[in-house]
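Here is a friendly walk through one model, meant to be read with the sequence and the 3D view open side by side. Please keep both at hand as you go.

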Amino acid sequence: LIMFHPKFGYYSSGRVQFAVDYQTYPIALAPYFGRMIAEHLYSMWQGMRRAGTLGSDERFTVAEIGAGNGVMAESVLDYIEQQAKAGKREGWPEFARQVLYICYDRSPALNKTQRERNARFGKMFDAREADATALAASIAPESIKGVVLSNELPDAFSVHKVALSAEGAAEVA
């Protein structure tokens, strides 16, 4: 409830201040962290194209789970656009055409922030609600061709207390 209550939760209410309360690498090292991720995504895209597991008419989906304020998506997509427009490196325009970056978060307030931050990327970006502890409820099996990534997501998972008896049986959970 402390983290995800719709009205009072730290994340779901939208009161979280990523640059004030704490900073993760995508924020503290922006835009360079996102550029590094984009380079790796490009390599993965190339590998899938070479292997024939991703056709030229299919989307290469980057699904970020627990995307926070969407700054990593912004850094990644901005870099992809820059590389595609520069035209100095082969393949980037096609990569940019195929990329769909989706932020999945259980907080409607954070989804709104992600959409606002990344609206300029148009069809390259989307933000959707999903609970990371039950992803299959929001993302159909085998519906994504690409990459699923996250940054520090398990840190925000709720914990369960388990006390074991002398025999090893769970007494409190």
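A residue is called buried under 20% relative accessible area, exposed over 50% and partly exposed in between, with a 1.4 Å probe and protein chains only. Arg-35 has 27% relative accessibility, so Arg-35 counts as partly exposed. This is a predicted model, in which local features need pLDDT of at least 70 and side-chain atom pairs count only at pLDDT 80 or more, while totals for chains, interfaces and linings use all residues. Residues are numbered from 1 along each chain as its sequence is written, and side-chain values use heavy atoms, leaving out hydrogens and water.

You will find Arg-35 in helix α2; helices (H or I, at least four residues) and strands (E, at least two) are DSSP runs, numbered from the N terminus. Leaving aside residues up to four places away in sequence, Arg-35 touches Tyr-79 and Gln-82, where contact means heavy atoms within 4.5 Å. The C-alpha atoms of Arg-35 and Val-76 are separated by 5.6 Å, although the two residues are 41 apart along the chain.

## The aromatic rings

The structure holds 7 aromatic pairs. Rings of Phe, Tyr and Trp (its six-membered ring) pair if their centres lie within 6.5 Å; planes under 30 degrees apart count as stacked, over 60 as edge-to-face and the rest as tilted. Tyr-42 and Phe-95 make an edge-to-face pair, with 5.4 Å centre to centre and 70° between the planes. This pair links distant parts of the chain, since Tyr-42 sits in helix α2 (residues 32-51) and Phe-95 in helix α4 (residues 92-98), 53 residues apart. Both Tyr-42 and Phe-95 are buried.

Trp-92 and Phe-95 have ring centres 5.4 Å apart and planes at 80°, so this pair is edge-to-face. Both lie in helix α4, 3 residues apart, about one turn of the helix, and Trp-92 is buried. Ring pairs link Tyr-42, Trp-45, Phe-60, Tyr-79, Trp-92 and Phe-95 into a cluster.

Now for the strands: 4 of them form an open parallel sheet in the order β3-β2-β1-β4, with strands counted as paired if DSSP finds at least two bridges between them. Strands β3 (125-129) and β4 (146-149) stand at the edges, each with a single partner strand, so one side of each has no neighbour in the sheet. Strand β2 (residues 99-105) pairs with β3 in the parallel sense over 5 bridges. In β3, Asp-126 is the bridge partner of Ile-102.
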